[in-house]
Amino acid sequence: GYRPSTPVMPSVPTIVAAYAWDDVLDVDLGIYASATVQEGYTTDYALSQWSGPGCDFVLRGVSTHGTATFNLGVVRAGGQSTGDFTLATKTTTDAWASPVDGRLLGTVEAGSYLDAVRLDLPAGTYVFTLTSTDVELGFSLHDFSFGATGKTEPWQNGIAWQTAEAASPYASFAVTIPATGAPTEFALVVWRTDGSTVALDGDWRVMVGDDVTGIDDGDPPSVAVAVSRLVAATPNPFNPSTEVAYEVARAGRCELTVHDVRGRQIRTLLDGEQTAGHHVAEWNGLDDHGQRVPSGIYMVRLRLAGGGEDLLKLTLVK
């Protein structure tokens with residue numbers, strides 16, 4: 001547990017990002033309401049439980065005087081062996097005034113793992129596109145109106161990242177902002193996909209367009225998928241159910257299964273043909289026999305008949 005104090009500009013809306021990374025092992029990060037010797041960590045404001053090595057982050061919006069102090073918890077996932085990790089904070093007051101049909105340039109500086117910016121979006125459907133030619137990056141859109149969020153809590157699964165397998169330096173996602181019930185403010189975060197490029201500057205460009213084709217009677221937009229992957233689980237941690245978002249680059253046979261920490265398959269969510277594109281599957285915390293599984297860590301696995309596999313960690317709480 002840690003309690004960093006971060007200087008902020010007086011009365012200026014500020015994003016405080018706390019991020020932890022390990023180049024080899026999986027590190028999870030949480031921001032909590034209280035942390036004392038007697039109480040320990042209590043109510044969590046936000047949790048990031050990204051599967052695999054790289055950067056996990058949590059965000060907090062502040063407008064105060066002097067310094068902002070937070071209670072942070074860093075956990076190695078799945079009982080992994082001990083080792084070094086890095087924990088840091090970064091603040092920004094940047095705001096993207098006119099994101100629709102616009103573009104924003106930035107740099108994830110060497111030694112840092114992310115950039116963040118505040119923005120407002122009117123009702124509509126938008127495609128976000130990230131370009132970075134020198135360093136593989138990811139980006140995600142977060143509901144910032146309530147003041148705290150994490151990497152694994154993107155708005156409407158608004159998250160994508162570049163991978164070594166991708167044929168182009170682009171990553172994209174689409175979101176729909178409803179006329180009512182939408183966040184009053186968003187945070188857009190650009191982050192490194194792993195730790196191998198931490199010594200390099202990562203120049204990036206994000207474009208937001210509302211020229212979305214393939215929409216008919218409220219259907220979601222069609223966005224090209226370059227790599228088959230598991231995107232995110234929302235919510236995560238969850239109880240009693242979570243929605244697993246995944247993408248398929250080419251139509252074909254797919255398996256989507258849930259496994260316990262010993263690797264035993266406990267639930268089949270999909271075993272059959274799947275079309276190319278974006279998909280969502282729900283897991284209600286039951287095994288294949290209809291029995292509720294105990295709380296703990298689980299892994300959802302996506303496998304493709306033509307080769308390829310991806311894993312995503314799930315946390316069931318009771």
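Which strands each supply at least two residues of the lining of the largest cavity? They are β2 (14-22) and β7 (54-62).

## Basis

This is a predicted model, in which local features need pLDDT of at least 70 and side-chain atom pairs count only at pLDDT 80 or more, while totals for chains, interfaces and linings use all residues. Residues are numbered from 1 along each chain as its sequence is written, and side-chain values use heavy atoms, with hydrogens and water left out.

## Cavities

Searching the whole structure gives three cavities of 30 Å³ or more. A cavity is a set of points, on a 1 Å grid over the protein atoms alone, where a 1.4 Å probe fits but cannot get out; lining residues have an atom within 4 Å of a point.

The largest cavity holds about 50 Å³ of space. Its lining includes Pro-4, Arg-60, Phe-70 and Thr-89, and β2 gives the largest share, three residues. By class, this lining has eight nonpolar residues, one polar and one charged.

The second largest cavity holds about 40 Å³. Among its lining residues are Ile-15, Lys-90, Leu-114 and Asp-115. Here β2, β10 (86-92) and β13 (114-119) each give two or more residues. Its lining divides into four nonpolar, two polar and two charged residues.

## An open sheet

Strands (DSSP runs of E, at least two residues) are numbered from the N terminus, and two of them pair if DSSP finds at least two bridges between them. Three strands make an open antiparallel sheet in the order β21-β22-β25. Its edge strands are β21 (229-234) and β25 (277-283).

Strand β22 (residues 242-248) is joined to β25 by seven bridges, and Thr-242 stands opposite Trp-283 in β25.

How values were computed
Helices (H or I, at least four residues) and strands (E, at least two) are DSSP runs, numbered from the N terminus. On a 1 Å grid over the protein atoms alone, a cavity is a set of points where a 1.4 Å probe fits but cannot get out, and a pocket is an open set with protein on both sides within 12 Å along at least five of seven lines; lining residues have an atom within 4 Å of a point. Grid points are joined across faces, edges and corners, and a volume is the space filled by probe spheres set on the points. Ala, Val, Leu, Ile, Met, Phe, Trp, Tyr, Cys and Pro count as nonpolar, Asp, Glu, Lys and Arg as charged, and the others, Gly among them, as polar.
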